[in-house]
Amino acid sequence: MLSRAYRPLIIAFLLTASALAGLAACATNPVTGEPDLVLMSQGEELALGREYDKEVLKQYRKLDDPPLQAYVNRIGQRLASRSHRSDIQYHFTVLDSSEVNAFALPGGYVYITRGMLAYLDTDAELAAVLGHEIGHVTARHAVRQHTTSTVIGLIGSIVSARTGSGAANDLSNVLGLAIVRGYGREHELEADRLGAEYLARSGYDPEAMLQVIRVLKAQEQYEIAAAEQEGRDANVYHGLFSTHPDNDQRLQTVIQAANSQRTRPYQSANRSGYLQQLKGLTFGPGEQDGVLRGRDFYHRPLNFTLRFPERWRVENLPDRLVAVGPEKDSVMAVRVRPVKTGQDVRTVYGELFGSENLSSARPVQGRTPGYTGLAALRTPFGNRTGRVAVLRLGNHDFVFAAANQSNRIGDIDPQVLATQNSLRPLTTAEQRLAQPKRIQLIHVKAGDTWDSLARQSAFTYHASEQLRLLNGRFPDGRLAPGETLKTIH
């Protein structure tokens, strides 16, 4: 027999379950035509898509390239018009990000990064990526995932007696995970099937999906190998076709089924036209992020340059620069923060590294005013005594921290101090070097090799492998005299 204390809980749950059953009976899956458990009307879905589009554009910049935006939108709209939900308005946006990524929000919002565009090679491959993401929209994967999490969380919600609707926050969490990890195996497989179908209906060969898989698998293979060599975590793309190897029989079956949707001969993949769209596209970090050329880092908006030690690997992260020594046993980080009104550099140093360390701090000997000294740090190697500094340039403070695994900071101190002392404003000539790297097109001549072409590029690390990767020839594709390749300068 149930305790009286639990009776309101059980009654509330049964009432809620009954309401869910009623909603499920009314909702129809737009792809299958069968009843679907969805707790959100189409109007609510569209409204949430508009809200989360604003959030996405706070986290990512929209690429300032109207012709390329129009080009991607044109291909996307062609696919969407032949989808199971051609009645809603679709929005296709290229994001100014070097990440290799594409994702979709509810209600027809589809995003692709310039990083993803750089590694594709044809209109058909772009259509394959967009078609897959349209499949997530038409099958309402974000909404269905939200519904599942809502049902699972009902008891907890009732127990906590929360009032009002938490749907927006719940969906935000679901979408955040989807952008990072994908929508899960079942939904990714369904998006593959739908994407292939929309390709065939739109006049694109669904076989382009296989080539995109090869591109992304090569990206993954390169990234894992490079990360292992450099002692860092691999940054691998989350979801698109990630459940398939390129010879997966299930995807072959999906593509064969999609071919039955063909109403006319497939059009050209249009490699030449696609490559022309990429010409001049920013590759890697944009101007707002700063540019690394060799061991020199240039940042035009903040007007500064730094020179890192030879053979140190530099990572340009969103909130800091991180340099790792050649033996991976030392690390140096640089952060930039706006100057607080009324705070001098010495005060900032004490605030960040402890007032007890102020007595040992000394003025920096370089061209930029500041203080440097030793302080206890938490590092990837554990707690260590490290070299720290705060330097002021213009309206920003530059915060340095470096340590090594052996806890003998003297072993790397000359290199760290040299980097600190190299901080200065850009010269007129360096303003040009602070411009981002861009994709250019070259024609292969007789005698060219991957190594010789890579040496002429602006790739900093693993140049030959990165050039192959950019052109879909990683790890061992061959060159053909006269063909057009992408490179960066």
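Which residues lie nearest the centre of the second largest cavity? I looked this up and found Leu105, Pro106, His136, Val137 and Ala142, among 10 residues that line this cavity.

**Basis.** I note that this is a predicted model, in which local features need pLDDT of at least 70 and side-chain atom pairs count only at pLDDT 80 or more, while totals for chains, interfaces and linings use all residues. Residues are numbered from 1 along each chain as its sequence is written, and side-chain values use heavy atoms, with hydrogens and water left out.

**Cavities.** I took a cavity as a set of points, on a 1 Å grid over the protein atoms alone, where a 1.4 Å probe fits but cannot get out; lining residues have an atom within 4 Å of a point. Grid points are joined across faces, edges and corners, and a volume is the space filled by probe spheres set on the points. By this rule I counted 2 cavities of 30 Å³ or more. The second largest cavity holds about 40 Å³ of space. I found that strand E2 (102-105) and H5 each supply at least two residues of its lining; helices (H or I, at least four residues) and strands (E, at least two) are DSSP runs, numbered from the N terminus. I sorted the lining of the second largest cavity into 6 nonpolar, 2 polar and 2 charged residues. Here Ala, Val, Leu, Ile, Met, Phe, Trp, Tyr, Cys and Pro count as nonpolar, Asp, Glu, Lys and Arg as charged, and the others, Gly among them, as polar.

**H5 with H3.** I next followed helix H5 (residues 123-138) to helix H3 (residues 66-80): the two pack at an angle of about 55°, with their axes 9 Å apart. Axes are lines fitted to C-alpha atoms, for helices over the stretch in contact, and angles run from 0 to 180 degrees between N-to-C directions. That angle makes H3 oblique to H5; angles under 35 degrees count as roughly parallel, over 145 as roughly antiparallel, 65 to 115 as roughly perpendicular and the rest as oblique. The contact (heavy atoms within 4.5 Å) is made by Tyr71, Val72, Ile75, Gly76, Leu79 and Ala80 of H3 and by Asp123, Leu126, Ala127, Leu130, Gly131 and Ile134 of H5. I sorted the residues of this contact of H3 with H5 into 9 nonpolar, 2 polar and 1 charged.

**H5 with H10.** I found H5 and H10 packed at about 85°, their axes 8 Å apart. H5 is therefore roughly perpendicular to H10. On H5, Ala124, Glu125, Ala128 and Val129 meet Ala208, Met209, Gln211, Val212 and Val215 of H10. The residues of this contact comprise 7 nonpolar, 1 polar and 1 charged.

**H10 with H17.** The axes of helix H10 (residues 208-230) and helix H17 (residues 463-470) come within 10 Å and cross at roughly 165°. I therefore recorded H10 and H17 as roughly antiparallel to each other. Ala218, Gln219 and Tyr222 of H10 make the contact with Glu465, Gln466 and Leu469 of H17.

**Backbone.** I noted a cis peptide bond between Phe474 and Pro475, with omega about 5°; Pro475 is found in the loop between H17 and strand E15 (484-488). Arg311 has a positive phi of about 70° although it is not a glycine, and I placed Arg311 in the loop between strand E6 (304-307) and strand E7 (313-317).

Terms used:
On a 1 Å grid over the protein atoms alone, a cavity is a set of points where a 1.4 Å probe fits but cannot get out, and a pocket is an open set with protein on both sides within 12 Å along at least five of seven lines; lining residues have an atom within 4 Å of a point.
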